[in-house]
Amino acid sequence: MLFDKYKFCFENSNKCEFIVEKYFYKLILLYSEGSRHYHTLKHIIQMINMLKGLLNSELNEKMILLSIFFHDVIYNPRSPKNEEVIHE
């Protein structure tokens, strides 16, 4: 399910399938780090499931899905300032 949603974001783009796949698996590795407690794959799946039925266009869906996939990919579980750094 996750890979299908991720791949959908790059339909009709000039990105080759290998690159799309490579970065998907990099995302999986990052969100699966043992030090993560909230910002995990489960969190990504929950957000995608919340998205169902809220969209009115394919473009909006792709933009929101990409935001979901990348919103917490860089995360330091030891830092109290993750949210501040994300917004810089």
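User: In this predicted model, is Arg36 buried or exposed?
Analyst: The classification rests on relative accessible area, and a residue counts as buried under 20%. Arg36 has a relative accessibility of 5%, so the residue is classed as buried.

User: Which residue meets Arg36 in a salt bridge?
Analyst: Side chains of opposite charge can pair when their charged atoms come close. A salt bridge requires nitrogen and oxygen within 4 Å, and the N to O distance for Arg36 is 3.4 Å.

User: How many residues apart in sequence are the parts tied together by Lys5 and Glu61?
Analyst: The search of the whole structure finds two salt bridges, and one of them joins Lys5 to Glu61, with the closest N and O atoms 3.6 Å apart. Lys5 belongs to helix α1 (residues 2-8) and Glu61 to helix α4 (residues 58-70), so the pair links parts whose separation in sequence is 56 residues.

User: What is the relative accessibility of Lys5?
Analyst: Partly exposed residues lie between the buried limit of 20% and the exposed limit of 50%. Lys5 counts as partly exposed, its relative accessibility being 23%.

User: Which helix supplies the largest share of the lining of the largest cavity?
Analyst: The structure holds one cavity of 30 Å³ or more, and the largest cavity contains about 40 Å³ of space. Its lining includes Phe24, Leu27, Ile28 and Tyr31, and the lining residues divide into eight nonpolar, no polar and no charged. Both α2 (17-31) and α3 (41-51) supply at least two lining residues. The largest share, four residues, comes from α2.

Key. Residues numbered from 1 in each chain as written. Predicted model: local features only at pLDDT ≥ 70, side-chain atom pairs only at ≥ 80, totals over all residues. Heavy atoms only, no water. Salt bridge = Lys/Arg side-chain N within 4 Å of Asp/Glu carboxyl O. Buried < 20%, exposed > 50% of the residue type's maximum accessible area, 1.4 Å probe, protein only. 1 Å grid on protein atoms, 1.4 Å probe; cavity = no way out; pocket = protein on both sides within 12 Å on 5 of 7 lines; lining within 4 Å. Points joined across faces, edges and corners; volume = space filled by probe spheres on them. Nonpolar A, V, L, I, M, F, W, Y, C, P; charged D, E, K, R; others polar.
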